[in-house]
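This briefing sets out selected features of the structure shown below. The points are grouped by topic.

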Amino acid sequence: MTFASPLLLAGLALVPVLLTAYVVRERRARRAARAVVAAPLRAAVLPRRAGWRRHVPIAGGLGAAALLLTALARPQTTVAVPVEQARIVIATDRSGSMEAKDVAPDRLTAARAAAATFLRSVPRTVRVGALTFNQVPTVLAAPTTDHDAVGDAINSIQAAGTTATGDAIASALKMLKTGNGPAAIVLLSDGKSVRGQDVLTVARQAKAAKVPIYTVSLGTASGTITTKTGTSQVPPDTATMRQVASITGGKAYNISDARALSAVYEQLGSKLTTKHQRQDVSSSFAGGALLILVLGGVASVSLTGRLV
């Protein structure tokens with residue numbers, strides 16, 4: 001919790017001062033009464049006190065004062081609120097290396113399942129688009145609130161070809177040019193970019209456009225595929241993906257398991273569609289003070305027969 005006017009919290013020092021003054025006054029009054037009236041006559045002359053009950057109004061008043069002084073300092077909490085105008089593009093690699101089976105049952109099937117998890121975790125009011133890429137990016141769906149259509153488009157992806165990650169990011173940025181509100185790209189790739197624009201150059205363009213890229217490097221260093229010329233290793237380019245995320249203000253994930261991939265996508269779905277903002281909670285403290293005063297007054301009347 002933070003305070004918009006923290007200097008006003010200094011007023012809380014008055015509470016223990018007032019409490020001390022009240023205790024001192026009570027003790028002095030008790031001593032004065034005993035000094036004036038002889039011990040054998042005190043029971044008959046001095047009024048019977050209500051014991052601890054007579055302190056209820058004072059305790060309530062001091063508690064209410066503490067809450068009111070805190071309210072004056074304007075306490076604030078940070079809360080996550082939905083971003084209704086958010087736009088997200090899911091960019092999925094479909095190069096031939098996505099047929100590798102180091103992520104069961106294979107990388108592409110795992111990516112499709114994870115994308116479905118992502119779409120389920122995103123509020124319906126958020127627009128999500130999709131593109132797929134090998135050496136050429138292909139737009140599957142412009143940002144839309146029809147998440148079912150986006151999911152169907154992603155399920156149609158077939159693996160083939162090589163990888164042009166820079167071109168894919170550039171295409172995703174074009175998709176996000178129209179519209180208001182925050183935008184982000186979720187980039188899933190399992191191989192090194194070998195064609196098209198330089199990946200880091202395009203990442204800097206995304207930074208300039210204030211579009212963070214959350215990268216997911218899919219697969220393991222030992223992943224292989226079988227081609228006409230034999231068996232080829234297809235490790236993910238995790239170093240470049242980390243750089244892309246770092247440059248744009250996103251986050252990089254290394255995924256070698258289908259369950260972990262789905263978990264990351266679900267986390268991103270909730271993360272990318274909320275923002276953290278400060279919320280003033282002064283009214284809660286003021287309301288608490290009023291409640292304490294009311295309850296203290298009721299308790300005082302019930303226990304002592306008087307309000308103060």
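**Briefing on the predicted model**

V150 touches L119, V128, G129, A130, A141 and T144, with residues up to four places away in sequence left out of the count. This contact set belongs to a predicted model. The protein chain contains ten helices and eleven strands, and 40% of its 308 residues count as buried.

**Confidence**

- The protein chain has a mean pLDDT of 80, and 77% of its residues reach 70 or more.
- Among the elements of the chain, helix α6 (residues 165–175) has the highest mean pLDDT, at 97, whereas helix α2 (residues 42–45) has the lowest, at 50.
- Where pLDDT is low, the predicted coordinates should not be read in detail.

- Contacts between residues at least 6 apart in sequence were considered for the protein chain, and 80% of them join residues at least 24 apart.

**Nonpolar cores**

- The largest nonpolar core has 26 residues, of which M98, F118, V128, V150, I154 and L218 touch the most other members.
- At least two residues of this core come from each of β3 (87–93), α4 (107–121), β4 (127–133), α5 (147–155), β6 (183–189), β7 (213–218) and β10 (252–255).
- Helix α4 supplies the largest share of this core, namely six residues.
- Another core, of 23 residues, lies apart from the largest one; A170, L173, L176 and V199 are among its members.
- In soluble globular proteins, nonpolar side chains tend to be buried together.

- H147 is located in helix α5. The relative accessibility of H147 is 2%, under the 20% cut-off, and H147 therefore counts as buried.
- Beyond its neighbours within four places in sequence, H147 is in contact with L119, V122, P123, R124, V126 and V128.
- V186 is placed in strand β6. Because its relative accessibility is 0%, V186 also counts as buried.

**Packing of α6 against α7**

- The axes of α6 and helix α7 (residues 199–208) are 8 Å apart and meet at an angle of about 20 degrees. Angles under 35 degrees count as roughly parallel, so α6 is roughly parallel to α7.
- The crossing of these two helices, α6 and α7, is left-handed.
- On the α6 side, T165, G166, I169, A170 and L173 take part in the contact; they meet V199, V202, Q205 and A206 of α7.

**Packing of α7 against α8**

- Helix α8 (residues 238–248) and α7 have axes that come within 8 Å and cross at roughly 20 degrees. This angle makes α7 roughly parallel to α8.
- The crossing of α7 and α8 is right-handed.
- Residues V199, L200, A203, R204, A206 and K207 of α7 make this contact with T240, Q243, V244, I247 and T248 of α8.
- V199 and A206 of α7 are listed in the contact with α6 and also in the contact with α8.

How values were computed: Residues are numbered from 1 along each chain as its sequence is written. Side-chain values use heavy atoms; hydrogens and water are left out. pLDDT is the predictor's confidence in each residue, from 0 to 100. Helices (H or I, at least four residues) and strands (E, at least two) are DSSP runs, numbered from the N terminus. A nonpolar core is a set of buried Ala, Val, Leu, Ile, Met, Phe, Trp, Tyr and Cys residues joined through side-chain atoms within 4.5 Å. Buried means under 20% relative accessible area, exposed over 50%, partly exposed in between (1.4 Å probe, protein chains only). Contact means heavy atoms within 4.5 Å. Axes are lines fitted to C-alpha atoms, for helices over the stretch in contact, and angles run from 0 to 180 degrees between N-to-C directions. Angles under 35 degrees count as roughly parallel, over 145 as roughly antiparallel, 65 to 115 as roughly perpendicular and the rest as oblique. A crossing is left-handed if the near helix is turned anticlockwise from the far one by less than a right angle, and right-handed if clockwise.
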